[in-house]
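User: I'm new to reading protein models. Could you walk me through this one?

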Amino acid sequence: MSIQEQYRSRAKELLGEGSVKMVIGYGVGTTATRRRPIFITSPDETDRLVLDASCRTNLAGYLLREGLLADQKSIAVFLLPDGVRALNILAAESQLATAQIVVLGFEIKGEEVKPLEGTAAGDFSAIIAERKEQRKAQPSHEMAVKLEEMTPAERFAFWEKEFSRCIKCYACRAACPMCWCRRCVVDNNQPQWVNTSSHTLGNLEWNLVRAFHLAGRCVECGNCSEACPVNIPLHLLNGRMTDEVLTAFDHYPGADEQQEPVLASFRKDDPETFIL
Amino acid sequence: MSEPFEPKIVAFVCTYCTYAGADLAGTSRLKYPPNVRIVRLPCTGRISPMFILKAFQKGADGVLVSGCHPGDCHFDHGNYHARRRWTAFNALLQFTGVPEERVKFSWISAAEGIKFAELIDSITEEIRTAGPFEQYHKLIAETGSAASV
Amino acid sequence: MAKIGVFVCHCGENIAAKVDCTKLVAAMEGHPGVAIAHEYKYFCSEPGQESIKKAVAEYGLTGVIVAACSPRMHEATFRTACAEAGLNPYLCEIANIREQCSWVHNDGEQATRKAIEITRSLVEKVKRNNELQPIEVPVTRRALVIGGGIAGIQAALDIANAGGEVVLVEREASLGGHMAQLSETFPTLDCSQCIMTPRMVEAARHPKIRLLTYSEIEKVEGFIGNFNVTVRQKARFVDMNLCTGCGECMQKCPAKKISGEFDCGLANRTAIYTPFAQAVPNKPVIDSEHCIFFKNGKCKACQRVCPTDAINFEMEDELVELEIGAIVVATGFQVQNTALYGEYGYGRYPDVLTGLQFERLASASGPTGGKITRPSDGKEPETIVFIQCAGSRDPSKGIAYCSKICCMYTAKHAMLYRHKNHDGNSRIFYMDIRAAGKGYDEFTRRAIEEDGAGYVRGRVSKLWQENGKLMVRGADTLLGRPVEVAADMVVLATAMVPQPDSKELGKTLGIGYDEYGFFNEAHLKLRPVETATAGIFLAGACQSPKDIPDSVAQASACASKVLALFSRDKLEREPVIAQNNEATCSGCWGCVLACPYNAIEKKDLTDRSGNLIRRVASVNAGLCQGCGTCVTFCRSNSIDLAGFTEKQIFAEVMGL
């Protein structure tokens with residue numbers, strides 16, 4: 001049985017026995033490799049589920065639709081390991097209870113899709129721990145390395161060019177599973193901290209604030225860069241934040257659901273080499 | 001412009017340590033360059049990264065953020081939280097090309113009037129050498145409102 | 001429409017000599033929202049304040065900026081003046097153009113320009129200031145004193161004698177603390193028991209003092225004037241109401257070989273015991289760890305002999321809930337574990353003692369009845385070596401501070417030894433003799449001149465046993481040569497250290513502590529008995545090493561602070577506190593975690609039928625101290641800080 005079949009029948013079983021009220025998974029999209037999220041509530045519909053190497057979107061954010069989890073019923077969701085980390089963060093930040101979530105975990109290696117053992121968020125701690133070590137060892141993104149080698153003026157020019165294209169559509173925010181504030185800071189106009197006009201200054205402010213708000217919370221799923229209609233490499237900013245919290249505070253975002261938010265906690269011996 | 005460049009520096013400080021240290025510099029009649037404008041907050045824990053961005057928007061060539069030494073915070077651990085935020089935000093600023101000399105962080109106690117005066121001296125000099133923050137000023141100019149230097 | 005009044009003070013020449021005040025006034029007059037701008041020689045003077053008040057009334061000002069000295073100097077003065085003129089005091093801000101402008105710059109033109117910018121940005125801020133009302137909180141007139149040593153007893157008695165209610169909590173089975181263990185006290189050599197026990201009895205009998213011995217602090221919630229404290233009263237297994245303290249049980253208890261804590265291991269006690277003969281309350285407890293019945297289910301000898309049936313093996317810990325207005329922490333100290341000093345042989349040689357053990361030997365109520373004899377063979381020592389700073393002032397061993405009392409008690413020990421053994425030799429190795437205090441230096445002189453205390457300035461490097469003697473090798477740095485003394489007993493002046501669990505108590509109370517675990521005062525010089533947490537005060541050695549006079553003085557200072565608090569029906573607090581916008585809060589609880597004061601609670605939002613909609617953060621105004629750490633954390637800008645709101649700071653920065 002292919003993994004797709006395996007997961008379809010698992011979904012069918014869960015819906016059939018009534019242990020979940022909904023399965024959030026991937027369906028076919030408008031092109032051969034485009035997948036779109038689908039929300040299945042009947043066992044008869046599970047044939048619509050697709051699971052292949054194109055299923056890379058992090059679906060965790062869809063769990064936060066207002067009222068979706070209010071009835072205390074469970075929902076199953078297809079998640080990559082980074083999706084499970086997102087789930088952990090959402091739980092750590094009290095946005096949902098993992099007890100209500102059945103994880104249909106899988107990973108993609110090259111073009112191969114592999115099943116992951118486990119159903120609860122906590123069942124995936126081993127693979128998350130492994131990924132933490134990988135992340136520590138792995139050099140940053142190629143472009144990030146190049147950026148670090150530039151002079152500040154060159155870096156500024158690079159980002160100025162990138163941000164100049166931003167049209168403030170907020171697709172990054174809409175796609176990000178961690179952007180769930182009831183009111184985004186950019187929508188607060190008393191005071192208007194972030195310039196809402198899409199001039200480069202306002203765009204810079206918006207993207208800096210978003211990256212800062214994701215520090216220690218971004219699971220690097222790539223939803224934002226994928227969603228950006230003008231191809232701003234947002235993952236570079238977020239990846240740089242992850243580098244920082246990992247090296248400075250040994251914080252791997254979403255390691256488990258008890259993890260304290262990195263910017264709401266501290267250690268007295270946190271590094272401070274840059275402070276005069 | 002024939003006038004030599006005088007940088008505009010904005011300092012965000014906590015009232016219990018660095019603000020008091022700046023007062024001490026005054027009561028000790030120490031002299032330092034008049035380029036700095038101080039914004040007083042109750043604690044470094046109250047200093048948001050947004051303040052730094054707004055200071056730049058107002059044409060600052062440099063920003064100083066300063067508070068109580070670790071262990072001295074009047075609010076017990078506001079400065080420890082601040083330190084984490086600065087660590088992240090500082091990394092972000094540098095990654096986006098804000099030069100290191102434009103944003104400085106320091107611990108200055110209520111007793112360190114001399115440290116305050118000397119620090120203002122040295123960062124003013126450093127930024128004077130670096131020149132105006134042209135790249136940011138250009139962005140401000142594009143918005144249609146001139147940086148008030 | 002804002003009508004801001006700007007008042008530029010010359011401060012005599014202090015400001016006016018550098019800042020062109022007339023120019024500053026002119027610049028402000030044209031600024032949007034500024035109704036009037038005045039200058040004057042001294043706005044802090046009576047006529048100066050009057051002119052501000054007059055202007056407030058005359059122009060109907062909605063905000064006031066005084067451009068003058070630091071707000072740390074006269075903010076209160078000018079806010080009071082505004083309040084007297086009917087303007088909410090929080091609508092007044094100070095532009096600091098003296099300490100941070102005229103005094104630090106030479107160039108008048110530049111200073112003037114800076115003064116204009118400073119003042120302008122504060123005008124922008126004050127336009128966004130809100131009227132704030134001081135927060136009123138009621139006061140529960142009952143104090144909790146933690147620790148029943150001399151400091152705790154003194155604080156409790158002072159408060160109770162002034163009519164305040166006190167709950168005195170002591171961890172051990174009896175009041176007394178370390179002072180009850182001492183023999184005689186410097187510099188007067190009065191017997192410690194003689195001056196201590198009457199105070200213990202007085203505290204226990206006082207109608208205003210509720211005594212909870214064998215009890216520990218479990219939980220502290222709330223804030224100044226309104227603490228809710230849970231105390232764990234440990235099971236004594238002896239019914240306090242029935243027990244008469246006859247002591248029959250202790251006679252019969254077969255578990256007799258338990259090292260006695262009160263005698264520092266120099267004597268044994270039984271499993272059912274009172275710590276010492278003069279214990280208050282003088283009723284025993286059963287030490288369930290050593291009791292034969294608790295170990296193997298058989299014995300109950302005490303129960304059989306008890307004439308009043310007071311023994312109850314079923315007893316359990318009890319939690320006592322208390323409403324408290326103020327807390328005095330007087331948890332004292334411990335002596336350092338001397339295991340760190342292998343070179344001094346403590347623990348290996350029975351005749352190497354700590355200073356506290358020597359106190360027990362010298363005490364008339366001690367294990368030897370006050371006779372100074374060697375624990376190893378009961379012989380009177382002919383030579384005793386005292387080693388000062390055994391632990392203190394040694395950063396390499398982790399203690400950089402001076403324990404303060406050792407110089408004095410070592411001199412006292414040498415004296416007591418000579419008084420009891422007229423031929424005894426004492427040699428004291430010391431680094432410095434620190435005898436600052438009333439009658440203290442005279443006391444150490446007396447030890448040297450009258451009681452033959454032989455001071456050797458230098459450290460001991462090695463100690464070993466040879467032919468029944470303790471050989472002590474050290475350096476005499478004044479003579480510049482090594483010395484070796486054959487001693488019969490060695491007494492180590494071990495460092496005073498915090499209670500081993502002081503940091504946990506600090507966390508329970510929400511008060512700070514230093515690297516060692518001594519509690520932090522709010523200000524070392526000006527607020528030495530207050531902590532940074534309002535309503536919690538410090539007495540005695542839990543704050544730093546202290547002797548009895550200092551501990552008692554500090555305890556009385558705490559009592560006066562507590563009584564000042566109790567003299568009011570309601571407290572007023574600065575309204576600089578956080579407020580949450582429940583509509584935009586997502587309940588992520590980052591603020592809850594970040595808050596240093598546990599001041600943010602989780603609040604249920606419900607619909608009209610009581611169904612939970614969601615949970616949001618809610619600030620407890622009594623606990624919030626106004627640091628704003630939560631505000632910066634809040635990604636959605638939901639929490640804000642009154643007095644330093646996002647709008648105010650934004651305007652202030654944009655006004656620069």
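**Chains and helices, step by step**

User: Where do I start when chains touch? How many residues of chain A are in contact with chain C?

Analyst: Keep in mind that this is a predicted model. When chains touch, you can count the residues on each side: here 19 residues of chain A are in contact with 15 residues of chain C. Sorted by class, chain A's side of that contact has nine nonpolar, six polar and four charged residues.

User: Okay, now two helices. At what angle do α7 of chain A and α3 of chain B pack?

Analyst: For a helix pair, look at the angle and the distance between axes. Helix α7 (residues 200–213) of chain A packs against helix α3 (residues 78–95) of chain B at about 140 degrees, and their axes are 10 Å apart. Angles over 145 degrees would count as roughly antiparallel, so α7(A) is oblique to α3(B). Their crossing is right-handed.

User: Which residues meet there?

Analyst: From α7(A) you have Leu208(A), Ala211(A) and Phe212(A), and they meet Ala88(B), Phe89(B) and Leu92(B) of α3(B). By class, that contact has six nonpolar residues, with no polar and no charged ones.

User: And how do I read one chain as a whole, say chain B?

Analyst: Begin with its elements: chain B has five helices and four strands, in the order β-α-β-α-β-α-β-α-α along the sequence. Next comes overall size. A compact globule of 149 residues would have a radius of gyration near 15 Å, and chain B agrees because its value is 15 Å. Its C-alpha trace spans about 45 × 35 × 20 Å along the principal axes.

User: What share of chain B counts as buried?

Analyst: Of its 149 residues, 70% do.

How values were computed: Residues numbered from 1 in each chain as written. Chains lettered and ligands numbered in written order. Predicted model: local features only at pLDDT ≥ 70, side-chain atom pairs only at ≥ 80, totals over all residues. Axes fitted to C-alpha atoms, helices over the stretch in contact; angles between N-to-C directions. Parallel < 35°, antiparallel > 145°, perpendicular 65-115°, else oblique. Left-handed = near helix turned anticlockwise from the far one by under 90°. Contact = placed C-beta atoms within 7 Å. Nonpolar A, V, L, I, M, F, W, Y, C, P; charged D, E, K, R; others polar. Rg over C-alpha atoms; globule rule 2.2 N^0.38 Å. Buried ≥ 20, exposed ≤ 12 C-beta atoms within 10 Å, placed from the backbone.
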